[in-house]
Amino acid sequence: MSESVVLRAEIATEQAHVDRVYLRLDELRSQAESMRDRGYELGHGARHEAVFEQASMLFERDVMVHHANQTLHVLDAEHEGLVFGRLDTHERETVYVGRLGIRDGEFDNLVTDWRADAAAPFYQATAEQPMGVIRRRVIQSSGRSVTGIEDDVLMPHALPEQMRVVGDGALMAALARARGERMRDIVATIQREQDEVIRAPWRGVTEITGGPGTGKTAVALHRAAYLLYRYRKQIGGGGVLVVGPSEAFTTYISRVLPSMGETSVELRAVGELLDGFEATHTDPAPVATIKGAARMRGVLRRAVRGTPPGVPSELRITYRGEVLRLAGDQLERVRRRVHGRGGQPNRCRVHAAEALLEALADVAQRHAESGGPEVDRTQLVTELGERIEFHRFLVDWWPVLHPEDVLSWLGDEQRLRTAARSQLAPDEISSLAASFADGGAGYSVADIALLDELRALVGKPRRRRVAADDPQQDHQRPPSPGAARSSLPEHYDEFGHVIVDEAQDLSPMQWRMIGRRGRHASWTVVGDPVQSSWYSAADGADADAAEADNVLGSPSARRRFTLRTNYRNSAEIFSLAARVVSGHAGADQLPTAVRATGIDPTVRSVDAASLEYEVQQAALDVLARVEGTVAVIGAMNRVADLEKFLSPVSDKRLTVAGSLDCKGLEYDAVVLVEPAEFLAESMAGRRGLYVAMTRATQRLTVLTSDPDWLPE
């Protein structure tokens, strides 16, 4: 029998089972819809019952509708390739593996959820340790139609004569597929080393390290789906938070978890973590380095304890014919005394009132000692404390502090210098003050962590209503659509599990911000030191590590996994990228690319004057050569020019990205523009260039007018 005939016959066999699964899926969906409708009818009938019976029926209605809607939510998720695997065991048992578990009307298994223990051999079995699996089959589908199959035989000696084997290289076939605008899940092609990470225990901290293309992000997302499946009671109540480097990144990964039936995970870019605020840009590297340093905590603490601008500098109040006066220096001593007691300023107004009244009593006491009338100290404090003019003064003198206001005050260089003391150098103070004073630029990614630190320092303010024509209204920005919360309260800090991607790029202040979201959480931390764009400031690497350790605990207690196989890049592309970073990484820190294509990267010398033409032509060339996505990547200050250059090219597959925005993303082809500019913009050296070069899966074109970017 020919291979094509065997293939068609085996596809037909699998199609019959897939059809049965989808038929059952439709039945389950219909049952859930009927349950939901019955629940609504029950609620309608409750209107005519007695109060006790009505409450009972409404509760039953709510439970029924909630359960039905949850079921429909799972069944209606994106189930492209619902059934993707099959195991044939030496016990003559057949197990189908899919995105969710489905049983037939007799409760027999039609599909085993990929996260279940019974599905583990699909990922973990090898020829050396077959785990009882004779044949492992990957089923490829489009919609509800089976389009292909790939088999691995793990126990050849036990292969029954009638069992047919087709295809080879399921993983390589998947890797060669064109990329789309969103990351795909990898449930059908998870490798053994990846599966070990996904199924690691949920408690504590799990660290995933690996070079570009090793699947770190996909593994972390699949781990989230697995943990919610296996430990939903333990972590489901608090929820799962996934933190990524950029909004482009969270958009890119947004379909992975829904495709596996998980739609309740919170995805946030690090610049979107603070509700009500959104980062609109990134700071120049030197400024971002200062803002991210651990020493900024002390600067912000002193800023919060300083005298707010515009507060009254004198208190005058009459008591029994005597004018009691507190001058500016006396008021400042009172303020220092209140702050010296500790606590958040927005919760200390009562203490401030008490301290002011005690200071006024001291003034009255001195008047009495100089011949004035005697005063009852307790009575004075009570009477003045009830005066409306005293409370008006208190509100003005001890105002509610808002993080955005405190940060804007630091645009005053003298105020920043006072708060900084000796922790910032004069040139650092000047550059920071200029950044904070530029309110029209919006908030940077680094500013969000500072605002969150201020939120923790000042305490929860009362809700402030802003008039429509208030010029400060634009200063507090609404969250982006990607950051919107539908069910969690504002500033939710009780997540059950937190996943941090590109962790190597987090500054100490960003670690503090993320740590507040998972005070009692378990953690999955994903990163690669070789790809780091964070550069330690004067605090040094020890201070950086200290903030991460404050969040994650002792490094010795963490569970560590290293992924060493690069599935993304062709061997030819990664070889060039490895040359770029060779002086910044040891051989054991670089992954091994397993897929050779025979297509070498193109490095083209261009004249800077003709760069626009060269960029257009290079983009058109790779668009014609690949079926999937294409990115033109440049240094951050080059992005606007590239967007202008490529405005005549109308192809939805084409994207322009900056060096920082492309982190965590991948494209079928990349046109890298002026690599020397990557080196000049980053304090982290060649690592940013290494990241950009390793975004390409099939083709890489480099356009350069400076040949010194590539080491000999």
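How many aromatic pairs does the structure hold? The model before you is a predicted one, and the structure holds 9 aromatic pairs. Let me begin with Trp202 and Tyr231, whose ring centres lie 6.1 Å apart with the planes at 40°, so this pair is tilted. Trp202 belongs to the loop between helix H5 (192–198) and strand E7 (205–210), and Tyr231 to the loop between helix H6 (216–230) and helix H7 (232–235), so the pair ties together parts 29 residues apart in sequence. Trp202 and Tyr231 are both buried.

A further tilted pair is formed by Trp397 and Trp398, with ring centres 5.8 Å apart and planes at 45°. Trp397 and Trp398 are likewise buried. Over the face of Trp397 lies Arg335, at 4.3 Å from the ring centre. Elsewhere, Phe84, Trp114, Phe122 and Tyr123 are joined by ring pairs into a cluster.

I turn now to the sheet. It is open and mixed in its pairing, with 6 strands in the order E3-E4-E2-E1-E5-E6. Strand E3 (102–103) and strand E6 (145–153) each have a single partner strand, so one side of each is left without a neighbour in the sheet. E3 pairs with strand E4 (residues 109–113) in the antiparallel sense, over 2 bridges. Within E4, Asn109 is the bridge partner of Arg103.

The salt bridges come next, and they number 49. Arg135 lies in strand E5 (residues 133–142) and Asp88 in strand E1 (residues 83–89), so the pair ties together parts 47 residues apart in sequence. Arg135 is buried at 2% relative accessibility, and Asp88 is buried at 4%.

Another salt bridge joins Arg24 and Glu27, at 3.1 Å from N to O. Both residues lie in helix H1 (residues 3–45), 3 residues apart, or about one turn of the helix.

Finally, Arg512 and Glu547 form a salt bridge of 3.6 Å, N to O. Arg512 lies in helix H19 (residues 508–517) and Glu547 in helix H20 (residues 541–552), so the pair ties together parts 35 residues apart in sequence. Both are buried, and both belong to a network of salt bridges that also includes Arg297, Asp452 and Asp493.

Terms used. Residues numbered from 1 in each chain as written. Predicted model: local features only at pLDDT ≥ 70, side-chain atom pairs only at ≥ 80, totals over all residues. Heavy atoms only, no water. Pairing = 2+ DSSP bridges. Helix = DSSP H or I, 4+ residues; strand = E, 2+ residues; numbered from the N terminus. Phe/Tyr/Trp six-rings, centres within 6.5 Å; stacked < 30°, edge-to-face > 60°. Buried < 20%, exposed > 50% of the residue type's maximum accessible area, 1.4 Å probe, protein only. Lys NZ or Arg CZ within 6 Å of the ring centre and 35° of its normal. Salt bridge = Lys/Arg side-chain N within 4 Å of Asp/Glu carboxyl O.
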